[in-house]
Amino acid sequence: MSEIKKSWYKEMAVYQIWPRSFCDGNGDGIGDLKGVLSKLDYIKSLGVDAIWFSPIYKSPQKDYGYDIADYRDIAPEYGTMEDFKAVLDGAHERGLRVIMDLVVNHTSDQHEWFKESLKGKDNPYHDYYFWRKGKGKNPPNNWLATFPGPAWEYNKDLDEYYLHLFAPEQPDLNMDNPAVRNEVKDIMRFWLDMGVDGFREDVITFISKKEGLPNGIPLPFATGIEHYKFGPHLLEYLTEFNDEVLSKYDCMTVGEAPMMTPDLALKFIDEREGKNQTLKMMFNFQHMEADCMFTSFIVKKFSLRKLKAAMSSWQNKLYGKGWNALYLENHDQPRVISRYGSEKYRERSGKMLATMYICQSGTPFIYQGQEIGMTNIRLPELSMYKDVATYKSYNICKKLGFSHENIMKRCMHASRDNARTPVQWTSGKNAGFTTAEEPWFYINPNYTEVNVEDSEKDPDSLLNYYRKLLKFRKENEIVIYGKYKEHYRDSEKLFVYERSYEGKRMLVICSFSDTIERFKAPKGFDLAKGRVVLANYDYANPGFDSFNLKPYEAKVFMFD
């Protein structure tokens, strides 16, 4: 077993901001950078060490910033470059690093490169994208986009199709073109030279497509994914970005990687001597499939065993070799309390879920509103949704024969819009998010009970529990660097694991049940000799090795 290498990015916790819904600083109903600036002290107070911004670049907002029109400018609705520099300086003054979203698998169709590419195949920008002739009256191949629908869009002026693995307004960049890779390196340098501390790299494992773009195995969606999910030149291109740019800065990178496994991740994040580490961490989706298959729209009953198997696999296979990125929520996932926890036991289950993942080995990421226990909004009408992926998923479910009522149940459970409602700051008008008459999107009606202002006043709130948990992690290296071992793997009610480091042991007990469950300490643990260091009910040590756990109870024992 290799000795764990210590590093600042392993010891930090990261707060993700989806800017449109974070805080409106100028009263137009849309979250912005002035709003972020006004909340930097709050973010710092959580005990996090970095902010990750979802895209704030100039964009037509067809996919809310993940369709970039200019990589070197700020979306006017979010502010100006001066506003961003004020946030960057303000964050750094508070000891907070700033991570930008790097979206280079695709651009917006409003990007100047794409506009130039439309001028014909003699234009040098034409080869920045995948333009191809059709096969008769059909597209160049049978690929389907991951936002359900065709992966090719026809342009009658050129009599050619362009490839888009997401929405039609998000044409894929041709990373096989060295000029495109040089553009990416220049974009990285632009932000790193400004003082940004790293990148979260959006669907970065999709950037290399198989030569010839052959037909894929027919699937209901994402046909062709086997030809680009880990393309033939992926490692080569990531190595190029790392060797020529990233390695020259003290920065952090985390790649977003659909369909990623721990064994495959190590090809990119293995930090051992002699290995080719091209990224520091990798976001995977396996643990977010405990109540679904591939996409949250294919709903299944929540399986704790599936969740544990995924998380334990990453913990065990990466330890001493690569570093984990830990998360339960982000802008692409419905709210976790509404999925893996309980809205009836909202604060208890929220604390349990926080304990469960933050006490594992890896860098924890916390999504805005997660720290106060925001929940799914469950909008009842299709017309109320904003998310392009929700509409695409609705259409494919309709084609598969599902009724409108059935699909709307799926939308209420699975839509990304559940995570994109404005942050609930107060119990006042518009949840304190904006002074405008109307916010850009619906506010969850539970804001009168679930908000930052009220949570600040309650020492036992979920918000203050997150602070306590992050402080505990920072003060105890066993939480960051300790070895992981799971117990009671077959239990469908309890998630129990231990951490061990430099002679210390820690036992983490999490109940995923809404009823009382009997717990017995694993072999080798004498709970009477341990002290309870974290709990979401009370701190009392029962003094014996078998006791009842209350609904969604979490207890953490430390053994010196």
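**Note on cavities and pockets in this predicted model**

1. Start with helix α9, which supplies four residues, the largest share of the lining of the largest cavity. Helices (H or I, at least four residues) and strands (E, at least two) are DSSP runs, numbered from the N terminus. The model is predicted: local features need pLDDT of at least 70, and side-chain atom pairs need 80 or more, while totals for chains, interfaces and linings use all residues. Residues are numbered from 1 along each chain as its sequence is written, and side-chain values use heavy atoms, without hydrogens or water.

2. How many cavities of 30 Å³ or more does the structure hold? There are three. On a 1 Å grid over the protein atoms alone, a cavity is a set of points where a 1.4 Å probe fits but cannot get out; a pocket is an open set with protein on both sides within 12 Å along at least five of seven lines; lining residues have an atom within 4 Å of a point. Points are joined across faces, edges and corners, and a volume is the space filled by probe spheres set on them.

3. Look at the largest cavity. Sort the lining by class and you get six nonpolar, five polar and no charged residues. Here Ala, Val, Leu, Ile, Met, Phe, Trp, Tyr, Cys and Pro are nonpolar, Asp, Glu, Lys and Arg are charged, and the others, Gly among them, are polar.

4. Now take the second largest cavity. Its volume is about 60 Å³. Find its lining residues in the model: Leu328, Glu329, Val336, Ile337, Gly350, Leu353, Ala354, Tyr357, Gln370, Gly373, Leu462 and Tyr466. Helices α10 (346–358) and α14 (462–475) are the elements that give two or more residues each. Which of them gives the most? It is α10, with four residues. The classes here are eight nonpolar, three polar and one charged.

5. Turn to the largest pocket. About 860 Å³ of space lies in it. Its lining has 40 residues, and those closest to the centre are Thr146, Phe147, Phe294, Thr295 and Ser296. Strand β13 (295–299) and helices α11 (388–399) and α12 (404–414) are the elements that give two or more residues to this lining. Its classes are 22 nonpolar, nine polar and nine charged residues.

6. The second largest pocket has about 240 Å³. It is lined by 13 residues, and Lys301, Phe302, Glu492, Lys493 and Phe512 are the closest to its centre. By class, this lining holds five nonpolar, three polar and five charged residues.

7. Check Met293 next. It belongs to strand β12 (residues 292–293). Its relative accessible area is 44%, so Met293 is partly exposed. The scale is this: buried is under 20% relative accessible area, exposed is over 50%, and partly exposed is in between (1.4 Å probe, protein chains only).

8. Finish with Asp24. This residue sits in the loop between β1 (14–17) and α2 (33–38). Is Asp24 buried or exposed? Asp24 counts as buried because its relative accessibility is 8%.
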